[in-house]
Amino acid sequence: MCRFLTYSGPKALMSPLVFQATNSLVMQSKYAQKRKVPTNADGFGLGWYPTQDDPIPATFVNVDPAWSNRNLKTIAEKVETRHYFAHVRDASKGMPVSQANCHPFGCMHYLWMHNGRLDQFEKFRRPLLNMLTNRAFDLIKGNTDSEYAFALFMDKLGFISNASLSQLEQAMEATIKTIMLLRKEVGADSNAFINFAITDGYHTLATRFATHEEAKPASLFFGQGIISDNKGVIDFTPNTSDSACIIICSEPPTENNGRWTKVHRNHIVCASGHHKVYQRPINLPFQAELG
C-alpha cells in the first residue's frame, strides 16, 4: 500500500511537507511508520494547481523512488501552490511499475489518488470495464485498480465541472458501493483497502474504508494549522485563521501526533478550501452484508 498527502492553504512551496518535515512524504517512501512494509519505492507523483488563473492542475510522476529523483526535489523547492496532492507508490502484487500507473491521476480539473488495494482485482476488472461509459473507458491509460476506480468515479459524477461538495460525496459513496457489489458478484471475498482521495482544486475528500468488518483500514489523518519553516524545522500549530492550511495524510508529517485527528473507520473526511474540515461516516454496510 502507498502513502499520500493533500495540502490546501495559503500559497506555499511543497518542500516542507514533501521533504523537510520530520516524517515527510519522502521519509515515508523509505521508512513508513504506520504500515507493515515500510518502503514505498515504486514511483511517486505530484499534482498541483497553478497560482495563475488556470483551473487545470499540473502533474509530475516518475517510476524512481521519491528519495532519488532530483527533479522532484527541485520542483518541490521552487513551485508555489495553494493546493496539491503528493503520493509515493508501493505497487500491488502483479501491477507493473510504470509512469502510467503512478498517482495522482487527472481528468478535467480533478485529481485522484489511492492508498490501498482492491484485492482480487483480476476477478472484477472486466465487469467494471463493461459498465463504464466510453468517456470513462478512455481515461484509463495504465492497469492499476486505482485508475479504474477513478474512471468509475468520474462516471458516477457525470463528468460535471462544477460539482458541489455534496455531489462529490455522493459520487464517492456510489463508487465504493459499486466496487463492493462487483466484488461480491464474482466472489472476491477478501478485504479491499479503500483510501481514495479526490479534489477539484478547492474541495478535497478522502476515505478510510475497509470492506470487511474484521479488517483494519489503512491509516488516515487530518489537521488544520500553520506551517512555519525555520531552517527546515516544521512546526504545525493548530490554527483556524486565514493563514491556516488543511492537510490530509496517510501519516502525520510531524512528531506530535496529538495535533492530528485520526479519521475513524469507514469515514470520509471533507475539506472546503482551507477553512473547513470535518469527517462523517460512510453510510454503507460491509461487503458481506451488502444486498
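**Figure 1. Helix H4 beside helix H6.** Helix H4 (residues 121-131) and helix H6 have axes that come within 11 Å and cross at roughly 30°. That makes H4 roughly parallel to H6. Angles under 35 degrees count as roughly parallel, over 145 as roughly antiparallel, 65 to 115 as roughly perpendicular and the rest as oblique. Axes are lines fitted to C-alpha atoms, for helices over the stretch in contact, and angles run from 0 to 180 degrees between N-to-C directions. Helices (H or I, at least four residues) and strands (E, at least two) are DSSP runs, numbered from the N terminus. This is a predicted model: local features need pLDDT of at least 70, side-chain atom pairs count only at pLDDT 80 or more, and totals for chains, interfaces and linings use all residues. Residues are numbered from 1 along each chain as its sequence is written, and side-chain values use heavy atoms, with hydrogens and water left out.

The crossing of H4 and H6 is left-handed. A crossing is left-handed if the near helix is turned anticlockwise from the far one by less than a right angle, and right-handed if clockwise. From H4, Phe121, Arg125, Leu128, Leu129 and Met131 meet Asp145, Tyr148, Leu152 and Asp155 of H6. Contact means heavy atoms within 4.5 Å. By class, this contact of H4 with H6 has 6 nonpolar, no polar and 3 charged residues. Ala, Val, Leu, Ile, Met, Phe, Trp, Tyr, Cys and Pro count as nonpolar, Asp, Glu, Lys and Arg as charged, and the others, Gly among them, as polar.

**Figure 2. Helix H6 against helix H7.** The axes of H6 (residues 145-157) and H7 (residues 165-185) come within 8 Å and cross at roughly 130°. That makes H6 oblique to H7. Their crossing is right-handed. H6 brings Ala149, Leu152, Phe153, Lys156 and Leu157 to the contact, and H7 brings Gln167, Leu168, Ala171, Met172, Ala174, Thr175, Thr178 and Ile179. The contact of H6 with H7 has 9 nonpolar, 3 polar and 1 charged residues.

**Figure 3. Helix H4 against helix H7.** H4 and H7 pack at an angle of about 130°, and their axes are 9 Å apart. That makes H4 oblique to H7. The crossing of H4 and H7 is right-handed. Phe124, Pro127, Leu128 and Met131 of H4 touch Thr178, Ile179, Leu182 and Arg183 of H7. By class, this contact has 6 nonpolar, 1 polar and 1 charged residues.

Figure 4. The structure holds 2 cavities of 30 Å³ or more. On a 1 Å grid over the protein atoms alone, a cavity is a set of points where a 1.4 Å probe fits but cannot get out; lining residues have an atom within 4 Å of a point. Grid points are joined across faces, edges and corners, and a volume is the space filled by probe spheres set on the points. The second largest cavity has about 30 Å³ of space. Its lining is Val18, Leu25, Phe44, Gly45, Leu46, Ala66, Leu72, His87 and Val88. Strand S2 (44-48) and strand S4 (80-88) each give two or more residues. S2 gives the most, with 3 residues.

**Figure 5. Two loop residues.** The peptide bond from His103 to Pro104 is cis, with omega near 0°. Pro104 lies in the loop between S4 and strand S5 (105-107). Gln120 has phi near 60°, a positive value in a residue other than glycine. Gln120 sits in the loop between strand S6 (110-117) and H4.

Note on methods: On a 1 Å grid over the protein atoms alone, a cavity is a set of points where a 1.4 Å probe fits but cannot get out, and a pocket is an open set with protein on both sides within 12 Å along at least five of seven lines; lining residues have an atom within 4 Å of a point.
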